[in-house]
Amino acid sequence: MAAVAIVLAIAWFMSNDKKNIPYKGIAFMLISQLLITWFMFNTSIGEMIITSISAAFNKLIEFGTVGVEFVLGGIEFDAEAGVFFFDVLLIIIFFATLLSVLTYLRILPWLIKVLGGVISKITGLPKIESFNAVNSMFFGQSEALIAIKSQFHRVTENRLYIVSASAMGSVSASIVGAYLQMLPPQYVLVAIPLNMFSALILASIIAPVSVNDEDDEVDVKDVSESKSVFEAMANGALDGGKIALIVATMLIAFLASLELVNYVLGAITGGTTLQEVLGWILSPIAFLMGVPAAEIGQAGGIMGLKIITNEFVAMLELQSAMDGLSEKAIGVISVFLTSFANFSSIGIIAGTVAGIDNEKGKTVSRFGMKLLIGATLASILSATIAGLFI
């Protein structure tokens, strides 16, 4: 629990309005995180829910694989080794298509608005921030922010920080299928709600808000520009294809750059890698999060990789290291990795906001590092709480 106290203390010192921090809502969300994690990890019903959701995702992945195999069935490669782009990334296309259709049918927007309203009512947080937090569990950083663009005229700087932090601390449902093929499913699925609450907790401490009812309406009428189910399918497929290509491009760039940095660093130091340096820096944090002492260096290195590159690079590193790690370390690191909290996300969020409102985009760029620190603290909080029950 030391990590939880330290994370909350750092956020308190970073706060720009300590008098208006919503302590009651924060306490409720912390209790909710503990109950959710205990229920999912330590009860038979929770384990059954995880198994059922995982099975549902696996079935959806099978459906997506049919399309991938039809298009790429003639390409020969080592079936045992597989190809990451074919086996993992292209599945994103099908998930993005499914999300687009559910959005067009108003099923997802309705569900998100209801869940956001419940969270807002119980915690006392504004509706727009609560809606955006739930929305960020389903859609990527850009899509989640675009969904509230009609409310941007109501978004003050502190509110902008909270919605941006929720976007950075989230994951997109369209790529959860990819995560499930790389990490133990129970940790990925628990990380999604934990990260939603963690992002709200830390952002509400760092940038607390108080709004009037007239400045807190959520409109979901125009969430989809598609005119038919088939157009929604086409738009979703194209969006999924873009995401898969973007992830693949970033992986090529980051992994190649990492290899170059390690080559130069190794030549200078006699074999030291960037992962080892990051491990030394972050090992105290990993220890406070509950990682066994013998594994904190390796854990810190993987966590650092995620922050300076992206979660996929770190997940690949964790995959190759799993055989030598304890279940506790795997669980804590997996939850930490399941978010968009990294340097590249600052540019993605700032660019998205600038596309909606240029001045607010400049504001996001100005507090970009503060945003990354807050989102990283949220990942630490989620991973620490998950570690209490592993």
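This is a short chat about a predicted model.

Visitor: What sort of model is it, and how are residues numbered?
Guide: It is a predicted model, where local features need pLDDT of at least 70, side-chain atom pairs count only at pLDDT 80 or more, and totals for chains, interfaces and linings use all residues. Numbering runs from 1 along each chain as its sequence is written, and side-chain values use heavy atoms, with hydrogens and water left out.

Visitor: What does the pLDDT average?
Guide: The average is 86, and 93% of the residues score at least 70. pLDDT is the predictor's confidence in each residue, from 0 to 100.

Visitor: Which elements have the lowest and highest mean?
Guide: Helix α4 (residues 84–89) is lowest at 67, and helix α16 (residues 327–337) is highest at 95. Over residues 77–81 the pLDDT is below 50.

Visitor: How many helices and strands?
Guide: There are 19 helices and zero strands. Both are DSSP runs, numbered from the N terminus: helices are H or I, at least four residues, and strands E, at least two.

Visitor: How much is buried?
Guide: Of the 390 residues, 53%. Buried means under 20% relative accessible area (1.4 Å probe, protein chains only).

Visitor: What are the spans of the C-alpha trace?
Guide: About 60 × 50 × 45 Å along the principal axes.

Visitor: Switching to the largest cavity: which helix gives the largest share of its lining?
Guide: Helix α11 (residues 185–206), with four residues. The lining includes Ser166, Asn195 and Thr338. A cavity is a set of points on a 1 Å grid over the protein atoms alone where a 1.4 Å probe fits but cannot get out; lining residues have an atom within 4 Å of a point.

Notes:
1 Å grid on protein atoms, 1.4 Å probe; cavity = no way out; pocket = protein on both sides within 12 Å on 5 of 7 lines; lining within 4 Å. Contact = heavy atoms within 4.5 Å. Buried < 20%, exposed > 50% of the residue type's maximum accessible area, 1.4 Å probe, protein only.
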